[in-house]
Amino acid sequence: MNLFNIPANELLQHILNGLTLGAIYSLIALGYTMVYGILKFINFAHGEIFMLGAYSGYYLYYYLCTPDQGGSWVMISFILSVLFAMILSAVIGMLIERIAYRPLRRAPRLAPLLSAIGVSIILMNLAALAFGTEPKNFSYPFDNSVINMGTTSITPNQIMILAVGLIMMAGLKLFVDRTKLGKAMRATSQNQNVASLMGINVNVIISLTFAIGSALAAVAGVLIAMEYKVYPSMGQMAGLKAFIAAVVGGIGNISGAMIGGILLGLLETFGVVILGIPQGMKDTIAFSVLIIILLVKPSGILIRNIREKV
Amino acid sequence: MKRLLAILFSIMLLFTMACGKGDTVKIGFMGPMTGGDSNYGKLMSQAVKIAVEEFNAQGGVLGYNVELIIEDDQGSVEKGNPAIEKLAGIDKVYGIIGAVFSSVSLAIAPKAEASKIVMISPSSTHKDLPDKGEFIFRDVINDSMQAIVFAKYLYQVEKTNSVAILYVKNDYSQGLAMDFKTQFEKEGGKVVAMESGLKGDKDFKTQLTKIKGLSPKALYIPNYVEEIAQIIEQAKQLGITAKIYSADGFSNPKIFELAPKSANGIIFTQIAENRSQVKKDFITKYKTKFGEDPDIFALNSYDGARILMNAIKQAAEIKDKKLVIDRDKVRSIVAATKDFDGASGKITFTANGDLVANIGIWTSENNQYKQIKAYKLENDKIIEIK
Amino acid sequence: MTDFLMVLFIYIGIYSIASLGLNLIVGYTGLLSLCQAAFVAIGAYTTAIIMTSTGLSFWWVLPVAGITASLSGLLIGIPTLRLKGDYLAIATLGFGEIVKNLIINWDSVTKGPMGINGIPAVNLFGIKLTILDKLPWMLIIWGFVFITYYLVRRIVRSRIGRALEAIREDEIAASSMGINTAKYKIGAFITGSFFAGIAGGLYAAYTQAVAPNTFDFMMSVMILCMIVLGGLGRNIAAVAGAVIIVLAEFTPRLLGISNIIPPQLNQILFGLILVMMMIYRPQGLIGRKKINYAAIVKKEILNLEK
């Protein structure tokens with residue numbers, strides 16, 4: 001098979017690359033989409049929460065063990081580090097909401113957005129000051145040797161990223177659709193005032209939303225840090241791309257985040273290969289996709305068209 | 001409005017006070033002190049600090065101390081421009097060790113030249129640099145020499161005839177990649193792929209997948225360590241079996257931290273090894289003072305600083321109880337450097353300020369660097385030096 | 001020393017022009033544009049490319065730079081007509097990244113990440129002005145600042161300005177009053193980006209070199225901070241904001257502590273400005289006074305009751 005002049009085995013590899021890249025975007029997009037779903041607000045600082053999750057996981061992990069040794073203690077430390085990262089990120093997420101967003105809940109839309117941009121910049125630079133700007137290596141707790149399937153290769157971490165993404169999405173959907181808290185969240189997202197009249201403590205729900213979204217970002221942070229190292233600006237572009245993914249899939253929609261992410265990853269990988277443009281144009285593809293979606297179908301791929309009534 | 005003026009005025013007062021210090025001879029260092037490439041800047045500026053301390057301990061410039069002013073360019077041209085304006089306009093330095101990255105050096109050279117500041121770069125290898133002015137020098141091997149020698153080595157000695165190149169779009173990497181390609185094809189070899197990425201990219205899988213499909217025998221990655229780390233790891237993840245080669249950017253030991261499982265066994269080019277006592281003493285001093293080893297660029301920085309300061313001393317005289325330094329004289333003394341006994345080797349500048357040197361073929365083994373061969377380029381042939 | 005102060009004034013001037021432009025878009029029309037740096041970049045690169053490839057005089061190239069920038073303003077203005085608030089902001093952010101990305105990758109024209117060096121010196125009545133001729137440059141740039149300020153004031157005090165403010169306050173009401181919102185929104189983008197292009201052209205001609213990473217998102221944020229700090233929608237505020245921010249950016253270097261004070265502190269400052277200003281003083285330091293009608297009426301009633 002020779003599609004677009006790319007031989008079959010190379011094509012498969014590109015698909016795999018695109019899928020894993022997409023899975024990465026999906027993981028981060030879940031948090032974005034949750035917050036937007038509830039608050040109709042783009043948490044610009046989400047990428048930085050992702051980054052801080054990576055750093056927290058990194059420091060605990062390297063404090064508890066020396067990863068190169070291998071063995072079961074390494075695996076245990078890794079899991080502990082991920083949990084620690086999740087908790088810390090959840091706390092940071094809730095704090096940010098309290099300090100920088102809650103005071104602006106009644107303000108015009110411009111204000112919380114600018115505030116979020118400000119928080120994002122502050123967090124990234126604080127991390128650079130505290131941890132140094134040099135990338136840090138985050139070793140795999142397991143043997144990440146490549147698995148060769150014919151001429152196509154994949155690593156265990158890539159498989160894990162895909163698997164974790166799916167599990168998180170499924171888990172989140174179950175939580176939102178089937179549990180009482182999830183119901184409260186859905187109610188708050190539809191109409192905050194009515195929800196509070198029905199006895200839902202809106203502030204708690206909002207904090208919870210931030211907490212969950214941030215915890216998910218932390219998991220993404222650790223997995224991705226292992227692939228691409230930990231450095232202060234890791235949240236910037238990843239955050240933006242994840243936001244694009246969320247918009248593409250339908251912002252506010254959990255499955256949308258997953259689908260949007262995968263789609264974006266594939267578009268980026270294949271766009272460059274098929275169009276024959278230089279690698280650096282990946283970002284242009286992503287942002288062009290964003291602008292096109294915003295123009296053509298701003299509610300995203302999955303959501304049926306809800307025309308805004310005047 | 002009044003408040004604004006008051007603030008402005010007090011700030012201006014502060015400046016005049018800050019400028020009022022006198023009586024030292026100022027030289028500058030410019031490099032990435034913060035940002036992803038800060039390790040290069042750190043190692044090199046530390047070397048210059050040692051040189052300045054030694055020099056001052058021996059009496060400085062006719063009794064006046066040399067003061068080192070370190071400016072951070074974050075590895076980028078846009079931060080380098082204000083930095084050179086400060087060094088030239090406010091500090092009025094007599095010489096600069098820097099910049100570190102070729103792109104920055106190329107950008108600031110015209111200003112250094114116009115201000116008659118001798119600029120000795122310890123690491124900018126782009127071939128056009130010394131031509132930018134009479135005051136511009138470098139004590140590091142230049143790219144076209146590196147590329148030519150390496151192309152010949154790869155084809156003739158390792159008998160490799162198919163290479164894929166993955167470079168990053170900046171002056172250093174792109175320059176090396178192009179020069180290597182030209183020479184390698186001249187030798188008779190084939191460059192099967194020429195893929196590129198951007199500085200700061202983390203994911204090179206798409207380029208590497210394309211390269212994998214072409215099954216080259218060798219992969220040449222003339223980049224800085226941040227990108228090299230990602231590339232070699234991902235090459236391994238994709239199951240690429242081609243032998244990997246790099247250039248002097250690989251010589252920063254941070255690579256062993258960033259890619260511990262893949263950094264060994266890579267062959268790269270660098271200036272031929274120097275086994276002099278000067279080098280040994282310097283390394284000992286450096287290690288004692290800073291707790292880490294210097295890299296080759298730090299050795300170059302140390303040498304460049306010493307050449308600069310010696311020239312300043314020789315060009316200085318005391319007139320009416322004030323120290324007067326003739327900038328043109330500093331330049332001509334530096335230009336006449338021949339067989340200077342440096343930590344990086346014997347240093348001689350060519351007529352336009354470039355370095356005369358031999359190229360070594362090195363490898364990384366057990367998280368350390370080892371030279372395996374050294375070559376001299378003469379009459380378009382490489383001659384091995386034992 | 002005076003040398004460096006003049007350099008500072010030059011940068012303040014250039015940024016003032018860009019921030020006055022952004023003020024039209026964000027402050028007066030209420031369109032959150034996060035891509036002002038992209039327009040500056042387009043102006044700068046147009047100038048750089050034309051001047052290095054042809055020998056055209058800067059004075060002819062500068063208006064071309066402005067016009068090219070405003071064309072790109074049109075390019076982003078039209079698609080974003082229907083977008084509101086957050087979505088508009090993100091779309092402009094995307095546009096900014098696309099522009100930067102295109103500059104970096106289109107190396108045949110823009111020389112990619114390495115930028116264009118050696119832009120020829122500007123010829124003023126036969127005298128060549130380089131980066132070393134600080135005083136003439138300062139005067140030229142501030143000449144442009146005054147022209148820009150005057151032009152923007154004229155726009156703002158006219159029917160156009162009132163239409164823009166109406167759109168900012170309530171777009172739907174404005175359109176039902178018969179204001180062609182599309183026309184004015186696009187007009188705001190075109191004008192705001194035109195001034196940014198001029199700023200970019202001046203920047204390129206002065207520094208005689210351009211590089212893509214200068215014109216990144218942080219620069220857009222910086223310009224945004226200038227108008228937020230000064231006070232959205234007040235022109236002298238945009239200039240004041242430029243003064244404060246540029247000073248903040250350069251002070252460590254001036255005090256000689258730039259290699260000790262990490263550049264991160266600068267950026268943290270911008271972030272803090274954004275957050276603090278939004279929460280505590282959204283009208284800026286010397287922003288417009290919002291007339292509180294409720295308080296006036298209350299006072300009147302109380303007065304009458306006496």
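Helices are counted here as DSSP runs of H or I with at least four residues, and strands as runs of E with at least two. In this predicted model, chain A comprises 11 helices and four strands.

**Overall form of chain A**

The radius of gyration of chain A is 20 Å, which agrees with the value near 19 Å that a compact globule of 310 residues would have. Along the principal axes, the C-alpha atoms of chain A occupy a box of roughly 60 × 50 × 40 Å. Among its contacts between residues at least 6 apart in sequence, 75% join residues at least 24 apart.

| Property of chain A | Value |
|---|---|
| Share of the 310 residues that count as buried | 60% |
| Accessible surface | about 12400 Å² |
| Share of that surface belonging to carbon and sulfur atoms | 68% |
| Distance between the mean positions of the 19 positive and 11 negative charges | 19 Å |

**The surroundings of B:Leu238**

In chain B, the loop that runs between α8 (225-237) and β9 (243-246) contains B:Leu238. Because its relative accessible area is 2%, and buried means under 20%, B:Leu238 counts as buried. Leaving aside residues up to four places away in sequence, B:Leu238 touches A:Gln13, A:Asn17, A:Val146 and A:Ser153 in chain A, and B:Lys205, B:Leu208, B:Thr209 and B:Lys212 in chain B. Between B:Leu238 and B:Leu166, which are 72 residues apart in sequence, the C-alpha to C-alpha distance is 15 Å.

Key
Residues are numbered from 1 along each chain as its sequence is written. Chains are lettered from A and ligands numbered from 1 in the order in which they are written. This is a predicted model: local features need pLDDT of at least 70, side-chain atom pairs count only at pLDDT 80 or more; totals for chains, interfaces and linings use all residues. Side-chain values use heavy atoms; hydrogens and water are left out. Buried means under 20% relative accessible area, exposed over 50%, partly exposed in between (1.4 Å probe, protein chains only). Contact means heavy atoms within 4.5 Å. The radius of gyration is taken over C-alpha atoms; the globule rule is 2.2 Å times the number of residues to the power 0.38. Accessible areas come from the Shrake-Rupley method with a 1.4 Å probe; for residues, only the protein chains shown count as cover. Lys and Arg count as positive and Asp and Glu as negative; His and the chain ends are not counted. The place of a charge is taken as NZ of Lys, CZ of Arg, CG of Asp or CD of Glu.
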